[in-house]
Amino acid sequence: MSLKTSDKPYAERIRISAADEFMRQAVRKAQDLQWDKRESARQELGNWQEWRNIGESIRQHVIGHLPHYLEEFSDNVAKQGGHVFFAQTAKEAQEYVKQVILEKEAKRVVKSKSMVTTEVDLDPMILELDGVEVMETDLAEFILQMDDWDEPSHIVFPSIHKDRERTRQVFERKLGYEGDNNPVNLAKFARQVMRDYFLKADIGITGCNFAIANTGQINLDTNEGNADLTISIPKTQIVLMGMERIVPSMKEAEILDNLLARSAVGQNLTTYVTFAGRKKELESDGPEDFHVVVLDNGRSNALGTEFQAILQCIRCGACLNVCPVYRQIGGQGYGSTYPGPIGAVLSPVLGGYEEFGELPYASSLCGACTETCPVKIPLHELLIAHRRKMTNDLKMKKGFDNFQMKMVGIGTAVPFVFKMALKMEHLGLSPLRKKHPVTVENIFNYGGFVNHAMGMAKGWTDVRDLPMPPKYRDNFRVWYNNRHK
């Protein structure tokens with residue numbers, strides 16, 4: 001599974017997602033629960049807006065001095081006997097990991113949850129190697145792997161679209177599970193299966209929440225402890241990280257860990273906050289061979305542009321948890337490793353408009369994502385910037401759309417034309433009506449709903465019931481003017 005997670009056209013993905021009522025209910029429930037937990041945890045911290053300002057300042061400083069901190073981090077890893085490889089592309093990252101696996105003659109690889117490994121299509125590459133097995137050890141990712149590598153639906157909760165019964169069926173079909181669908185029993189069974197892989201693993205692969213420049217360590221935040229086992233048991237560890245996931249010191253990492261935990265899962269701090277690197281001389285566990293792959297893969301496209309702020313992201317998923325579009329289509333509708341508002345901005349930067357040009361339009365521009373972002377990324381403004389760039393720089397959405405917008409501009413700017421439009425709107429839209437009985441949803445039922453509009457309005461009426469406007473004598477302006485007479 002690469003950055004692009006589906007070959008289906010955007011419209012087809014949306015239709016499939018919209019028809020999956022179970023998934024939509026699961027997403028709605030998760031969003032509502034996370035709202036309460038997230039806001040409560042943020043209030044306990046106190047002065048949340050000031051914390052956001054500090055988080056934004058840290059991330060902007062690092063992105064503005066990225067070469068310096070990456071070099072400092074690389075030097076400190078090397079001083080401890082580790083290795084850092086700077087991968088320009090996903091293919092280069094794949095080849096480096098492949099080389100390490102072959103050199104170590106590894107047969108078993110364990111992975112903790114990492115979006116970068118998904119972005120570079122690491123799992124399929126490993127599975128193609130002769131005699132090499134790979135196991136996802138994050139519980140949600142483990143469930144997806146057992147379900148024939150199903151696509152994730154969320155940055156933090158990848159298997160949000162599956163309930164306990166669906167998970168039980170997957171375990172029964174793939175692993176011979178004979179128990180009930182009690183989550184505790186399912187988790188215990190998964191733990192037994194994964195523990196065998198941990199104990200026999202030759203290589204552990206993890207992501208990286210934050211790399212600490214002045215110590216050469218990586219910082220991982222997890223709730224299951226699987227990442228700690230992935231680091232401590234295998235003799236060789238490979239870390240894959242986006243080049244922007246770096247901080248100057250542990251002080252900044254501590255601040256961002258606080259922001260991340262509260263925004264991602266509504267906790268004061270995640271269960272396991274780990275700082276790790278190559279095993280030291282007197283330590284009893286940890287990797288003897290430590291590798292870090294620092295990935296660009298299109299991130300440098302954002303540097304020095306209006307999209308640079310997207311590199312501030314700490315992957316908390318808070319923007320998904322407030323997004324009304326994500327609430328309706330889930331993560332798989334986006335067709336990208338990175339769904340939701342963050343994916344709608346980041347995916348075109350990494351993969352281009354040809355692959356992900358629809359995603360900036362998968363937004364109502366309500367601004368909820370910007371309001372909740374713990375590091376103050378102006379997400380809805382960046383979505384507008386993408387639309388503007390596609391429209392102007394790439395000469396897209398011209399012709400008839402421009403004509404329509406000009407007509408709307410004239411109609412709303414000239415009082416006489418605007419008043420004439422108000423007088424004619426009921427009659428003018430009547431040919432597009434579809435009869436329905438009078439309901440609360442259709443208070444102005446003068447013939448039915450508008451659902452066959454043309455041009456830019458078509459996308460709206462295809463998926464919404466737009467009530468017919470009232471007759472001119474009944475509209476609000478006329479009523480308001482007459483009420484004093």
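The model is predicted.

**Stop 1: the two domains**

Select residues 10–300, which make up domain 1. Then give residues 415–483 another colour, for domain 2. The C-alpha centres of the two domains lie 50 Å apart.

**Stop 2: Gln 267**

Select Gln 267. This residue sits in the loop between α12 (250–264) and β9 (272–276).

Ser 40 and Gln 267 are 227 residues apart in sequence. In space, their C-alpha atoms are 8.9 Å apart.

Which residues does Gln 267 touch, beyond its neighbours within four places in sequence? Show Ala 41, Asn 223, Ala 261 and Arg 262: Gln 267 is in contact with each of them.

**Stop 3: salt bridges**

Side chains of opposite charge can pair when their charged atoms come close. This structure holds 24 salt bridges. Here are some to visit.

*Lys 111 and Asp 123.* Select both and zoom in. Their closest N and O atoms are 3.4 Å apart. Lys 111 belongs to strand β2 (residues 108–111), while Asp 123 belongs to helix α7 (residues 122–127). The two are 12 residues apart. Both partners are buried.

*Asp 147 and Arg 173.* Go to this pair next. The closest N and O atoms of this salt bridge are 3.0 Å apart. Asp 147 is in the loop between α8 (139–146) and α9 (164–175), and Arg 173 is in helix α9 itself. They are 26 residues apart in the chain. Asp 147 has a relative accessible area of 18%, so Asp 147 is buried. Arg 173 has 49%, so Arg 173 is partly exposed.

*Glu 306 and Arg 388.* Move on to this salt bridge, with an N to O distance of 2.9 Å. The pair links distant parts of the chain, 82 residues apart. Glu 306 lies in the loop between β10 (289–295) and α13 (324–329). Arg 388 lies in helix α17 (residues 379–393). Arg 388, at 40%, is partly exposed.

**Last stop: a network**

Select Arg 108, Glu 133, Asp 196 and Lys 200 together. Salt bridges that share partners join these residues into one network.

Key:
Residues are numbered from 1 along each chain as its sequence is written. This is a predicted model: local features need pLDDT of at least 70, side-chain atom pairs count only at pLDDT 80 or more; totals for chains, interfaces and linings use all residues. Side-chain values use heavy atoms; hydrogens and water are left out. Helices (H or I, at least four residues) and strands (E, at least two) are DSSP runs, numbered from the N terminus. Contact means heavy atoms within 4.5 Å. Domain bounds come from an automatic or database domain assignment. A salt bridge is a side-chain nitrogen of Lys or Arg within 4 Å of a carboxyl oxygen of Asp or Glu. Buried means under 20% relative accessible area, exposed over 50%, partly exposed in between (1.4 Å probe, protein chains only).
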